[in-house]
Amino acid sequence: MNERRRNNRRALILAAAAELAEETGFIGLTRADAAEATGVSKASISFHFGSAEGLRCEVMRYAVDNGLLRVLLQGLAVGNTIAEKAPLEMRRRARDLLAV
């Protein structure tokens, strides 16, 4: 698989996994869930992200980069270091979701 195609597949997996984390929860996100949501094999998820924890780390980075506040809030709730390093204003907006 060439580099561009590999990067495109990785981006597709991340987008689908982040959407899934928003809908069903970040903490329980598994490689199998991401594979099913993306239509790729679990081996492909493992190739791109390694472990389920590696997948969740990259999903949290994606969430921070793309302003996915519900995912960020879940990361903050469990002390995810990537979530805790998100910009202060973004963390505040994520916590504001609890007040709604």
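Let me start with a term: axes are lines fitted to C-alpha atoms, for helices over the stretch in contact, and angles run from 0 to 180 degrees between N-to-C directions. Helices (H or I, at least four residues) are DSSP runs, numbered from the N terminus.

Now, what are we looking at? This is a predicted model, where local features need pLDDT of at least 70, side-chain atom pairs count only at pLDDT 80 or more, and totals for chains, interfaces and linings use all residues. Residues are numbered from 1 along each chain as its sequence is written, and side-chain values use heavy atoms, with hydrogens and water left out.

First, helix packing. Two packed helices are described by the angle between their axes and the distance between the axes. Take α1 and helix α3, which covers residues 42-49. Their axes are 11 Å apart, and the packing angle is about 105°. That makes the two helices, α1 and α3, roughly perpendicular; the range for that word is 65 to 115 degrees. Who makes the contact? From α1 come Arg6, Arg9, Arg10, Ile13 and Leu14. From α3 come Ser44, Ile45, Phe47, His48 and Phe49. Contact here means heavy atoms within 4.5 Å. Sort the α1 and α3 contact by class and you get five nonpolar, two polar and three charged residues. For the classes, Ala, Val, Leu, Ile, Met, Phe, Trp, Tyr, Cys and Pro count as nonpolar, Asp, Glu, Lys and Arg as charged, and the others, Gly among them, as polar.

Next pair. Helix α1 spans residues 3-24, and helix α4 spans residues 52-66. Their axes come within 9 Å and cross at roughly 85°. So α1 and α4 are also roughly perpendicular to each other. On the α1 side we have Arg10, Leu14, Ala15, Ala17, Ala18 and Ala21. They meet Leu55, Glu58, Val59 and Tyr62 of α4. By class, the contact of α1 with α4 has eight nonpolar, no polar and two charged residues.

On to the charges. How many salt bridges does the structure hold? Five. A salt bridge is a side-chain nitrogen of Lys or Arg within 4 Å of a carboxyl oxygen of Asp or Glu.

One of them joins Arg10 and Glu58, at 3.6 Å, N to O. Arg10 sits in helix α1 and Glu58 in helix α4, 48 residues apart, so this pair links distant parts of the chain. Arg10 is partly exposed, at 26% relative accessibility. Glu58 is partly exposed as well, with a relative accessible area of 21%. For these words, buried means under 20% relative accessible area, exposed over 50%, and partly exposed in between (1.4 Å probe, protein chains only). Arg10 and Glu58 also belong to a network of salt bridges with Arg61.

Another bridge joins Glu22 and Arg70, at 3.5 Å, N to O. Glu22 lies in helix α1 and Arg70 in helix α5, residues 69-77, so the pair ties together parts 48 residues apart in sequence. Glu22 is partly exposed at 22%. Arg70 is partly exposed too, at 48%.

Then there is Arg56 with Glu53, at 3.4 Å, N to O. Both are in helix α4, three residues apart, so about one helical turn separates them. Arg56 is buried, at 17% relative accessible area. Glu53 is partly exposed, at 43%.

Now a charge without a bridge. Arg91 is in helix α7, residues 88-96. Which side chain of opposite charge is nearest to Arg91? Glu84, 7.8 Å away. For charge, Lys and Arg count as positive and Asp and Glu as negative; His and the chain ends are not counted. Arg91 is buried and has no salt bridge. Its contacts, leaving aside neighbours within four places in sequence, are Leu72, Leu76, Ala83, Glu84 and Ala86.

Val64 lies in helix α4. Is Val64 buried or exposed? Buried, with a relative accessible area of 14%. Not counting residues up to four places away in sequence, Val64 touches Leu72, Ile82, Ala86, Pro87 and Met90. Val64 and Lys85 are 21 residues apart in sequence, and 9.2 Å apart in space, C-alpha to C-alpha.

Last one: Thr38, in helix α2, residues 31-38. Thr38 is partly exposed, at 22% relative accessibility. Thr38 touches Leu12, Ile13 and Ala16, again not counting residues up to four places away in sequence. From Thr38 to Ala52 is 14 residues in sequence and 15 Å in space, C-alpha to C-alpha.

Technical notes: Angles under 35 degrees count as roughly parallel, over 145 as roughly antiparallel, 65 to 115 as roughly perpendicular and the rest as oblique.
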